[in-house]
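Work through the exercises below with the sequence and the 3D structure at hand. Each task is followed by a worked solution.

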Amino acid sequence: MLEWLRGVFTDPAVLSAIKVTFEMAFASTLISAVLGVIIGLWLQNHEFAGKRVVVRVNRTLMGVPPVVIGLLVYMLTMRGGPLGPLALLFTVKGMILAQVLIITPIISGMVFSYAESAVPAIRAFAKTMGADKRQTDRLILSELRNEIYFCIITGFGRAISEVGSVMLVGGNIKGHTRTMTTMISLLKSQGIYSEGIGLGLLLLVMAFILQTLSDSVRKEQIRDENY
Amino acid sequence: MRITELRKKIGKTDLYIKDLKIESGLIHGLVGPNGCGKTTLLKLIMGITGPDSGHIDYEGLKPSDITMMSQRPYLMHANVYDNIVYPLKIRGMKIDQSEIDCLMERTGLLQIKDQYAGSLSSGERQKLSFLRAVVFRPKMILMDETMSNLDQDSEELFKEIIRERHDEDGSTWLIVSHQWDAMNELFDKVHHMDKGRIV
């Protein structure tokens, strides 16, 4: 067993897939976290015509099939597409773009939902304390830190497990854009199961770690509900 | 502070204050049945909600000079002590540790100052909220049923501290209460409300 695991995780192709996966997942989650938190909190704090439609569109995008986003990014980044000159197709950057489009609505939608229920009370409290706008904004971020953390973990979990869009945009090029999930998919189609299982196990371990982190955040939230 | 022609409709509450003067330096009581608009009036004064029409003349008071304690206080995700000193920190005011310790000791919060605020009982939350409001010595304090979860001794202690602060700072208090008999001795002036009107 150990020999087999050692064999799997010393394979340069596997190591490259792990590296690309984490590079893509971290970068896309970081960008999406910044965008998602800003959009979610901005939406909560502003009233404008069509806000309900915007919220509904955001919620729709939270559940959009990744392969659809993959196709959209593929068409945008292909040679004749509007982003063609940027040469993003079949690159990690292109995959990050697709992931950002998938994850940002998830994070912004979740942050908006949490903010809708918590922020009015925080703002009212800040007002009674005499906090200015900057202090109020800082307080909101601080008070929602557990929720925001949970949203980001969810986004990262989505990024690390994605197949459809990265396959389309990245092209699953060995040593370049191949991720753990697209490699598993390829290995399965080639009938090579051992490396696929090894990568699958690693993804499961990652999912377990993410779940553990999420649970610790949830425990904190349950405690806060005792207010 | 003078409130004139103030109107606000929220749900069933139809608040209309034709003319109300809240003289500074007094402890005012605001009494009336449930749903008559007392909390709405405090929120309007605090600026948490805006009026449909009408005017509040603060007569020189800045928003940061006023604070409000609600029946269900918001407690920050922090320990008791950090919650209490929060208004001092955001104002850049010096923390007088001996004064804070003394207040916490009197209210029984000193022993639990490192405890997570979310785990406090309802009475302890009200004590925390009370200290957090008085610690920075605001010029006007609005209290919305903040003594409802207190035992007799704590209620007496609150009244004692209110009287002390009022005498020391000349602060203005507007206290919403249902406990008319118990609170009457504290009030310099009482305003009765019914169906959204001062009667």
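**Exercise 1: a residue in chain A**

With 19 C-beta neighbours inside 10 Å, A:Asn172 counts as partly exposed. The model is a predicted one.

Task: Find where A:Asn172 is placed in chain A, and describe its phi.

Solution. 
Step 1. Locate the residue: A:Asn172 lies in the loop between α8 (164–170) and α9 (180–190) of chain A.
Step 2. Recall the general rule: most residues other than glycine have a negative phi.
Step 3. Read the angle: A:Asn172 is not a glycine, yet its phi is positive, at about 55 degrees.

**Exercise 2: a residue in chain B**

Task: Decide whether B:Lys195 is buried, partly exposed or exposed, and state which loop holds B:Lys195.

Solution. 
Step 1. Take the cut-offs: 20 or more other C-beta atoms within 10 Å make a residue buried, 12 or fewer make it exposed, and values in between make it partly exposed.
Step 2. Apply them: B:Lys195 counts as partly exposed because it has 15 C-beta neighbours inside 10 Å.
Step 3. Locate the residue: B:Lys195 is in the loop between β8 (189–194) and β9 (197–198) of chain B.

**Exercise 3: where the chains touch**

Task: Describe the side of chain B that touches chain A.

Solution. 
Step 1. Count: 17 residues of chain B contact 15 residues of chain A.
Step 2. Name the elements: β5 (66–69) and α2 (80–91) of chain B each give two or more residues to this side.
Step 3. Pick the main contributor: α2(B) gives the most, with four residues.
Step 4. Sort by class: the side of chain B that touches chain A has 10 nonpolar, six polar and one charged residues.

How values were computed
Residues numbered from 1 in each chain as written. Chains lettered and ligands numbered in written order. Predicted model: local features only at pLDDT ≥ 70, side-chain atom pairs only at ≥ 80, totals over all residues. Contact = placed C-beta atoms within 7 Å. Nonpolar A, V, L, I, M, F, W, Y, C, P; charged D, E, K, R; others polar.
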